[in-house]
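Let's take a look at a protein model together. Have the sequence and the structure open while you read.

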Amino acid sequence: MLYPLYEAGHLMLAPMRLAAEATKLACENPFNPFAYAPQSRTMAAGCEMFERATRVYAKPAFGLGVPERVVWERPFCRVVAFGEPSAELEAKPKLLIVAPMSGHYATLLRGTVEAFLPSHQVFITDWSDARQVPASAGRFGLDDYIDTCIALFAALGPDLHVAAVCQPSVPVLAAIARMEAEDHPLVPRSAVLMGGPVDTRRSPTAVNLMAEEKGFAWFERHCIHRVPGGYPGAGRAVYPGFLQLAGFMGMNLERHRDAHHAMFDHLVRGDGDSASRHRAFYDEYLAVMDLTAEFYLETIERVFISHDLPRGTLRHRGERVDLGAIRRCHLMAVEGEKDDITGLGQTKAALDLAVNLPEAAKTYHMQPGAGHYGIFNGSRFRQDIAPLVCSFMERSLRPAAPRPAPVVPAPEPHPIILRHGPIMQPPRATPARAIVWPEPLVDRPGTIPQRIAL
């Protein structure tokens with residue numbers, strides 16, 4: 001009943017929102033003599049704050065000033081590409097950004113996309129709001145998420161780079177491991193994992209501890225609701241986005257309260273630039289989407305409670321997911337020093353679990369002073385993290401260098417001892433002749449050079 005009550009509350013507040021908007025317009029109208037009264041600006045600010053606190057925020061646009069096109073689409077996901085097709089664009093390396101399916105829209109990664117546009121062909125997963133997907137489209141669980149990743153890697157390959165932000169680190173790793181185990185020819189060249197909960201037993205945060213403390217049954221009983229009528233997905237069991245948003249806001253309630261107080265002060269003082277920055281951030285942050293119940297519950301159980309991936313018990317369609325199968329895809333883990341959602345070491349665990357990947361193909365970066373949001377957006381990301389990620393992806397594309405021939409040292413001469421006679425020393429060594437080695441195999445025409453991680 002929670003979802004219908006939530007919708008009813010918004011409908012009841014609709015007349016008040018309209019009245020608040022009308023009052024704000026009247027207080028700011030230059031033809032209204034009362035607009036010049038000292039209290040008018042305060043009243044207009046209060047009306048705007050009320051309207052913003054009670055509205056339902058729509059899905060934002062990327063708004064990056066470049067053309068957008070859909071290049072792949074299924075009921076629960078579509079892939080958006082940026083830029084007009086051209087020879088110049090196709091010459092750039094391909095990067096797929098796998099956005100989290102955790103309540104926010106893919107537009108939350110607008111800054112991430114923007115940072116890589118000059119150097120890459122950028123694609124991003126645009127996950128669907130579950131309440132907008134008809135029940136006839138079927139279920140979408142963790143296995144379906146992994147299937148989607150495998151299909152995308154194959155469709156966008158070869159020589160594809162992948163960047164998984166937060167939650168998708170686990171299904172992206174699982175998809176790569178399954179492709180490696182089957183010797184798939186279109187395994188991504190590299191994968192960058194940013195703040196992903198690969199092993200939540202390391203440096204557990206409040207989010208991790210809550211999952212273990214409450215248990216699977218609690219989440220199933222309290223967090224799953226049915227989409228009410230009026231939506232294409234009416235009747236579908238979902239984890240509502242407004243519940244996820246309440247959890248996000250509750251983790252940093254004082255910070256959000258102070259931000260809104262500051263916003264009110266900016267409006268009263270007429271500081272339009274500061275107010276615009278506040279609007280831009282919260283228009284994005286407060287826009288949320290629903291998740292399918294099966295995906296949410298399976299993620300809670302298999303990632304945060306039973307830790308299937310680091311324990312080696314995760315299965316995809318009945319087949320074991322073994323990160324030891326990863327041998328070709330380079331891996332990079334990025335963590336933030338002050339991340340209060342994914343603790344230090346949880347993402348780095350992926351490098352430890354990929355035991356058969358050469359150490360030269362693994363890269364780790366911990367960003368000092370960065371929180372969870374700061375490792376994929378903001379000034380620290382643009383100045384420090386993005387250049388490191390670009391350099392990592394570039395190294396993964398370099399051709400493998402031939403290994404030098406091993407040098408086997410000659411054995412030390414030992415005296416020969418006869419049973420009856422004096423000790424005989426070995427003869428003097430003759431000058432060694434230069435040995436002409438054949439050309440390396442990788443330089444011969446028609447041969448395939450072995451890929452060696454740099």
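In what sense do β2 and strand β4 pair? The two run antiparallel, with five bridges between β2 and β4 (residues 121–127).

## What you're looking at

This is a predicted model, where local features need pLDDT of at least 70, side-chain atom pairs count only at pLDDT 80 or more, and totals for chains, interfaces and linings use all residues. Residues are numbered from 1 along each chain as its sequence is written, and side-chain values use heavy atoms, with hydrogens and water left out.

## Around strand β2

Strands here are DSSP runs of E, at least two residues long, numbered from the N terminus, and two of them pair if DSSP finds at least two bridges between them. Besides β4, β2 (residues 77–82) pairs with β1 (residues 68–74). That pairing is antiparallel too, over six bridges, and the hairpin they form has two residues between the strands.

Five of the six residues of β2 are buried (under 20% relative accessible area with a 1.4 Å probe, protein chains only).

## Two helices that cross

Helices are DSSP runs of H or I with at least four residues. The axes (lines fitted to C-alpha atoms over the stretch in contact, with angles from 0 to 180 degrees between N-to-C directions) of α7 (residues 206–214) and α8 (residues 216–223) come within 6 Å and cross at roughly 95°. So α7 is roughly perpendicular to α8 (65 to 115 degrees).

Technical notes:
Buried means under 20% relative accessible area, exposed over 50%, partly exposed in between (1.4 Å probe, protein chains only). Angles under 35 degrees count as roughly parallel, over 145 as roughly antiparallel, 65 to 115 as roughly perpendicular and the rest as oblique.
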